[in-house]
Amino acid sequence: MPEKQQAEESPTRQQRSEEKPRRRQARGERRIAQLLEAAASVFCQSGYTAASTNAIAREAGVSPGTLYQFFPNKEAIAVGLGDQLLEHWARSHGQALTPENIGLPLDRMLDAVLDPLIAFNVVNPAFAVLMHGPDIPGPIAEEIGSVHCALLARVEEMIATRVPDLPPGERARTANMTLHLFKAGLTLIMSHEGAERDAYVAELKTVMHRYLEPILGDEHPVGH
């Protein structure tokens, strides 16, 4: 074969050899996404403890052997799903607890903060199963603890911005109570649908407004 022809064909062979691993990687990523979606559905239906790898494989429409190519056991699936949901949660949390929202009147601030967080949980019901279940795997429990601490610190920062003179102890209690009110209200919201769910969202905002208004005030904070 002439040297010129070899030079022209060599890159093509190289490109083909590089494309195969990329295609395999893309197929693997799609399969992982498929399995995690199936796991989310099974965990919501059965809870984490009662769920099985066979049920997840069946929900995904694959064999148990295919599932084990990607995840060695149920805990690994739960950890993978938890990581994915926590990443999405972090984005929702970032959208909700922004400096711009802190400067809004209290009723509008509650809308701006609560709506994206509630919407995330409604779209991802498996989040509540994994985040608040009594039997979640250790790695997820550790991540949840970190998320809770970060969220609590951010709420404290928002309170400090609106009421700079509030004593640290009272600020910490207010942040902790606010977070627990949200979690309690979210449980009710997630257990209802349609108009009844909307009514519980409105009730949660009413409760939080009545609790926070004497502390934070109802208008723009100073400096905004």
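A residue is called buried if its relative accessible area is under 20%, exposed if over 50%, and partly exposed in between, with a 1.4 Å probe and protein chains only. By this criterion, 37% of the 224 residues in the protein are buried. The model is predicted, so local features need pLDDT of at least 70 and side-chain atom pairs count only at pLDDT 80 or more, while totals for chains, interfaces and linings use all residues. Residues are numbered from 1 along each chain as its sequence is written, and side-chain values use heavy atoms, with hydrogens and water left out.

**Fold and surface**
- The protein has 10 helices and zero strands, where helices are DSSP runs of H or I with at least four residues and strands are runs of E with at least two.
- Of the contacts (heavy atoms within 4.5 Å) with a separation of 6 or more, 69% join residues 24 or more positions apart.

**Aromatic rings**
- The whole structure contains four aromatic pairs, defined by ring centres within 6.5 Å; planes under 30 degrees apart count as stacked, over 60 as edge-to-face and the rest as tilted.
- Phe43 and Tyr48 form a tilted pair, because their planes stand at 55 degrees, with centres 5.6 Å apart; both residues are buried.
- Phe120 and Phe127, both buried, are edge-to-face because their planes stand at 85 degrees, with centres 5.1 Å apart.
- Phe120 and Phe127 belong with Trp89 to one aromatic cluster.

**Charge over a ring**
- Lys74 lies over the face of Tyr48, 4.5 Å from the ring centre; the criterion is NZ of Lys or CZ of Arg within 6 Å of the ring centre and within 35 degrees of the ring normal.

How values were computed
Phe/Tyr/Trp six-rings, centres within 6.5 Å; stacked < 30°, edge-to-face > 60°.
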